[in-house]
Amino acid sequence: MLYESTPGLPFLTGFLVLVSLFIAWYRRVDPLLDAVPTVGFSDPILSYLSAFRYNLLNGALMLKEGYEKTKPGLFKIATFRRWIVVPSGTEMIEEVLKAPDSALSARGPLLDFLQIKYTLSFLNMDDMYHRSVVLSKVTRMAAIFDQIHDELVGAFDDFIPTTGQEWVKVSTMPAMQRIVCQTSSRVAVGAPLYRDHDYQTLVISFIENFMISVLIISCFPKFLKPMAARFFSRIPSHVRQTMEFIRFIVEERSAKMKEFGENWDDAPNDMLMWLMSEAKGVERSLEGWTRRLLILNFASINATSVMLTQTLYRLLAHPEYIEPLRQEVEAVVAEEGWTKAGMDKMHKIDSFVRETQRIDTPMFLGLNRLALRPFTFSNGVTIPAGTLIGLPDHSVHTDEEIYPNAQEFDGFRFLKLREKEGDDVLAARHQMATTSVELLSFEYGRNACPGRLLAANEVKALLAHILVTYDIKFEEGKGVPRELRFGSFRAPGNANILFRKRQK
Ligand code: HEM
């Protein structure tokens, strides 16, 4: 009877069996990875439940559990797309970071993560010259710092216009993004374009659209990705519009480069100029420079505004730091003015921002490495070619053996470590822009962020300016907003902050 009343049942059962077999085959674990313990289910089909838990419920907890249970060692975790192997403990992480690119590639996973082939297919991935441009030029911060300070004051006046005793309500994340955009654009394209609000709107809309495009395109199977990019990405239009904005500047500068060559003494000192001087071959074109500029805007503006927003939230959640930080800024500025040398002396500010970065690191699992060939760790475990490795940023940052009372925010944690060191060289290990295997927000080793010195100085200068210029508080009855989490990502929620001219 049952059979007669449900004629589709055998087909449905058959279909489910086929799907299960396909999943079991697709998510099968390479036997070599059997030696790596799993957090959650190892079974190919049940591992989807673990992936669900990881992506949507409590990925951070799962990573922490794997890290603590296996340290020093390795564990694996299931995501919807694939298995990820995670090293636990700093020694194992260092092995990953020190492995040659020919064994564990950083570039491949980064390009895959950004879906570069479909979002920015025009980038020549073999020539990442913008990285060395940033690294070599940004290191000479002193000359750039004047521009940054000059501009951040203007940006605050533009976006947070306070007068008298009135409190001005500011939607934090969008306002910080605007302020960082204007300040960074001064370093990126110079005057007069950086102040053009239409240009800034375009820069921010590119960043937002880029992130949305990456998310959407990642959800499609490979053969549908080009179509998804065509339908959902507005990036080609952003490229065209940005080209129109910078065309005039590029033409003028190209003419001067031709005329003066190496002897152009008062050449502008901004990223566009650095790119124009260093580009080779097809990259030496309006379109080539535009695309590099866009990718640099993406790399710098979003991460810097997130860091500034998190720092402000931490400050408001711990207002006892406001006075000591203010006093430091005032004392240093009285001695050194608003200079790079002054920034270097703001040890309390530096420590406060670094502590925020430690505890609010934007990724629970940082960017990845792809094993291009079988790779054997010092504990004898070999992972097969094709394995994806993720770095457990947040688990390291909350490792009690490295940071006692790791879950507590201690704004002067790094100041105290700095003061304990005997000399300046050792003390510098604890400053904001110094990378280490114990603090992975800027990554560490040869793939570390080339713009970290700029980011650190920008955030420190912005925070110092806020402290001495404004009184700030959350709206009545409100506090730090709940952060947004998905899998290994986290982002600060948005809250309004009230600003008024400082009263005392
Ligand atoms: C708080 C702000 C910032 C954070 C947290 C941050 C973090 C990172 C991280 C973790 C990476 C490594 C990605 C990888 O290759 O695995 C990276 C790469 C990069 N960052 Fe930053 N960054 C910040 C600001 C900046 C700024 C201001 C610039 C300046 C232009 C910049 C330029 C770059 C570039 C060009 C790369 C790519 C390097 C490559 O292709 O290998 N970043 N950043």
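**Close-up 1. The shell around the ligand.** The residues of this shell divide into 14 nonpolar, six polar and two charged. Ala, Val, Leu, Ile, Met, Phe, Trp, Tyr, Cys and Pro count as nonpolar, Asp, Glu, Lys and Arg as charged, and the others, Gly among them, as polar. The model is predicted: local features need pLDDT of at least 70, side-chain atom pairs count only at pLDDT 80 or more, and totals for chains, interfaces and linings use all residues. Numbering starts from 1 along each chain as its sequence is written. In total, 22 residues surround the ligand. The closest are S300, A303, C449, G451 and A455. Helices α7 (129-138), α14 (286-317) and α21 (452-469) each supply at least two residues of the shell. Six come from α14, which gives the most. Helices (H or I, at least four residues) and strands (E, at least two) are DSSP runs, numbered from the N terminus.

**Close-up 2. Helix α8 against α21.** Helix α8 (residues 141-159) packs on α21 at an angle of about 40°, with the axes 10 Å apart. Axes are lines fitted to C-alpha atoms, for helices over the stretch in contact, and angles run from 0 to 180 degrees between N-to-C directions. The two helices are therefore oblique to each other. Oblique covers what is left by under 35 degrees (roughly parallel), over 145 (roughly antiparallel) and 65 to 115 (roughly perpendicular). From α8, the contact takes in M141, F145, I148, H149, L152, V153 and F156. From α21 come L453, L454, N457, E458, A461, L462 and H465. Contact requires C-beta atoms, placed from the backbone, within 7 Å. Ten of the contact residues are nonpolar, three polar and one charged.

**Close-up 3. The three-stranded sheet.** An open sheet has the strand order β5-β13-β10, with antiparallel pairing. β5 (168-171) and β10 (470-474) are at the edges, each with a single partner strand, so one side of each has no neighbour in the sheet. The twist averages 30° from one strand to the next. Strands pair if DSSP finds at least two bridges between them.

Close-up 4. β10 and β13 (residues 496-501) pair antiparallel over five bridges. D471 has R500 of β13 as its bridge partner. Y470 stands opposite K501 in β13. Four bridges join β5 to β13, also antiparallel. Here V168 has F499 as its bridge partner. Helix α9 (residues 172-189) lies across β5 and β13, running at about 85° to β5.

Methods: A residue is near a molecule or strand if its C-beta atom, placed from the backbone, lies within 6 Å of it. Two residues are in contact if their C-beta atoms, placed from the backbone, lie within 7 Å.
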